[in-house]
Amino acid sequence: MWNKPKKEDLPPRPEPAQTPAAAPAREAIPTSTYPTRRPDEAATRGAALIGKSLVLTGKISGREDLLVDGRIEGDVDLPENKLTVGAGGHVQGGIRAREIVVYGTVHGNMEAAEKVEIKRNARVLGDMRTARPVIEEEAYFKGNIETVRAEAPKVAVQRPAAPEPPVQPSLPNAAPPQPEAKPGESRKG
Amino acid sequence: MNASPSRAAAGPAGAAAASDSRKSHGLRALVAALEAGKPLQVMDFGGPVQENIDFITDVSIGAGHRLYVDHLLHSYEYFFSAKEQEEGVFRPGRIEEFVASVLDFPDQLADAILIWDRLQFFPPEVAAAVVARLHRLLAPDAFLLGLFRTDSSGADRAPYTCRIMDGQTLLLSEQPPPRHIQTFNPRTIQKLFQHYREVKFFVSRESLQEVLIRP
């Protein structure tokens with residue numbers, strides 16, 4: 001992000017209301033990393049979980065949905081899946097996923113082919129690039145938003161066997177793909 | 001401006017206050033400038049508003065401009081201590097630090113800036129420093145759209161959330177809590193933007209001055 005996010009840019013975050021479920025238990029119960037409140041039970045069912053006491057440093061990549069209630073310091077790359085940052089979750093790094101939903105904190109750039117959704121009370125410092133940006137108004141967001149066209153879903157179509165087409169000579173002067181313009185490069189000095 | 005305000009219920013997302021829907025000549029001029037057929041860089045310092053995000057960035061509606069979003073007032077309130085805000089006294093270099101931290105962009109980056117009514121909620125020295133920085137931030141043919149309440153009653157006011165409903169309609173709703181507000185009139189607005197090339201006022205029947213400014 002070209003506006004270098006700084007920690008001091010973050011406004012004070014209101015303390016979450018104490019819920020009865022969060023009150024200390026009388027009996028000594030082994031602490032679980034399983035979150036007491038999941039953002040969207042149905043939407044995150046079956047997702048891999050980084051529990052609230054876990055801190056991961058390094059890059060995460062894979063092919064399954066992920067719910068983060070702990071802390072990740074590094075990039076997350078789930079191009080075909082959904083990443084949910086829970087209310088207590090914190091990602092310090094870039095995120096690439098099919099869909100990103102943030103209830104907690106993200107400090108880094110986000111790219112999602114389908115949708116980025118920033119929920120109320122979430123805090124995001126970073127740029128986003130997606131087909132559908134959704135930011136609730138009580139969310140804190142500071143960054144650049146760029147909308148891209150949604151990719152058409154890939155559908156496997158079985159075609160009848162066809163004769164091999166004649167081989168086309170490759171074009172020697174074919175233009176290489178242009179790199180995408182970064183924010184701030186659209187204008188000179 | 002031929003304001004045609006109409007009262008509406010609370011805005012989307014459960015806005016706390018009643019909303020005013022009005023035709024905006026400033027917005028219309030700005031939108032015409034944005035229809036350049038190529039993606040531009042727009043900056044909205046009123047904070048994230050879904051309608052504005054959709055209107056400016058949606059590739060199916062327009063050119064799919066890039067939109068930088070920040071709530072400048074929240075950034076101000078976070079950066080300065082309560083005492084500094086209360087007394088309006090800042091140690092040397094403090095205002096420059098603030099401007100450098102929240103407006104840290106290359107010069108001439110922005111093709112359009114939406115500052116809405118935010119400048120009125122800053123002390124005069126902070127507003128002047130922000131305006132000077134925005135002047136360098138704007139590209140030569142860019143626009144800045146501002147709103148100024150000319151009501152001089154001295155009462156605290158809540159800042160507006162400004163929603164772009166279409167290319168000429170704004171929906172304004174006050175977002176509590178009320179804050180101390182600097183009163184501006186056309187002469188003080190001219191003075192604030194004295195280094196800008198053009199300051200265009202749109203006549204309003206109400207105590208809201210709409211201003212389109214070119215660097």
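Me: What makes Ile95(B), Phe98(B) and Val102(B) of α5(B) one face of the helix?
Reply: Ile95(B), Phe98(B) and Val102(B) are buried in α5(B), where a residue is buried if 20 or more other C-beta atoms lie within 10 Å of its own, exposed if 12 or fewer, and partly exposed in between, the C-beta atoms being placed from the backbone. Seen down the axis of α5(B), these buried residues fall within an arc of 60°, so they line one face of the helix; the arc is that of the directions from the helix axis to the C-beta atoms. On the other side of α5(B), Glu96(B) and Ala100(B) are exposed. The model is predicted, so local features need pLDDT of at least 70 and side-chain atom pairs count only at pLDDT 80 or more, while totals for chains, interfaces and linings use all residues. Residues are numbered from 1 along each chain as its sequence is written, and chains are lettered from A and ligands numbered from 1 in the order in which they are written.

Me: What covers the buried residues of α5(B)?
Reply: The cover includes α3 (72–79) and α6 of chain B, helices being DSSP runs of H or I with at least four residues and strands runs of E with at least two, numbered from the N terminus.

Me: Why is α5(B) called oblique to α6(B)?
Reply: Helix α5 (residues 94–102) of chain B and helix α6 (residues 124–137) of chain B pack at an angle of about 40°, with their axes 10 Å apart. That angle makes α5(B) oblique to α6(B), because angles under 35 degrees count as roughly parallel, over 145 as roughly antiparallel, 65 to 115 as roughly perpendicular and the rest as oblique. The crossing of α5(B) and α6(B) is right-handed.

Me: Which residues make the contact of α5(B) and α6(B)?
Reply: From α5(B) come Ile95(B), Glu96(B) and Val99(B), and from α6(B) come Glu125(B), Val126(B), Ala129(B), Val130(B) and Arg133(B), two residues being in contact if their C-beta atoms, placed from the backbone, lie within 7 Å. The residues of this contact divide into five nonpolar, no polar and three charged.

Me: Why does Glu97(B) count as partly exposed?
Reply: Glu97(B), which has its place in helix α5 of chain B, has 14 C-beta neighbours inside 10 Å and therefore counts as partly exposed.

Me: How do you know that the buried residues of α1(B) are on the same side?
Reply: In helix α1 (residues 25–34) of chain B, the buried residues are Gly26(B), Leu27(B) and Leu30(B). They cover an arc of only 95° around the axis, which puts them on the same side of α1(B). Among the elements that cover the buried residues of α1(B) are β5 (110–116) and β6 (138–149) of chain B.

Me: Why is Trp116(B) called buried?
Reply: Trp116(B), in strand β5 of chain B, has 25 other C-beta atoms within 10 Å, so Trp116(B) is buried. Although Trp116(B) is not a glycine, its phi is positive, about 50°.

Me: What makes Gln108(B) partly exposed?
Reply: Gln108(B) has 18 other C-beta atoms within 10 Å and is therefore partly exposed. Its place is in the loop between α5 and β5 of chain B, and the phi of Gln108(B) is near 60°, a positive value in a residue other than glycine.

Me: How do you know that Ala97(A) is buried?
Reply: Ala97(A), in strand β8 (residues 95–102) of chain A, has 25 other C-beta atoms within 10 Å and so is buried. Leaving aside neighbours within four places in sequence, Ala97(A) is in contact with residues including Leu78(A), Pro79(A) and Ala112(A).

Terms used:
Axes fitted to C-alpha atoms, helices over the stretch in contact; angles between N-to-C directions. Left-handed = near helix turned anticlockwise from the far one by under 90°. Nonpolar A, V, L, I, M, F, W, Y, C, P; charged D, E, K, R; others polar.
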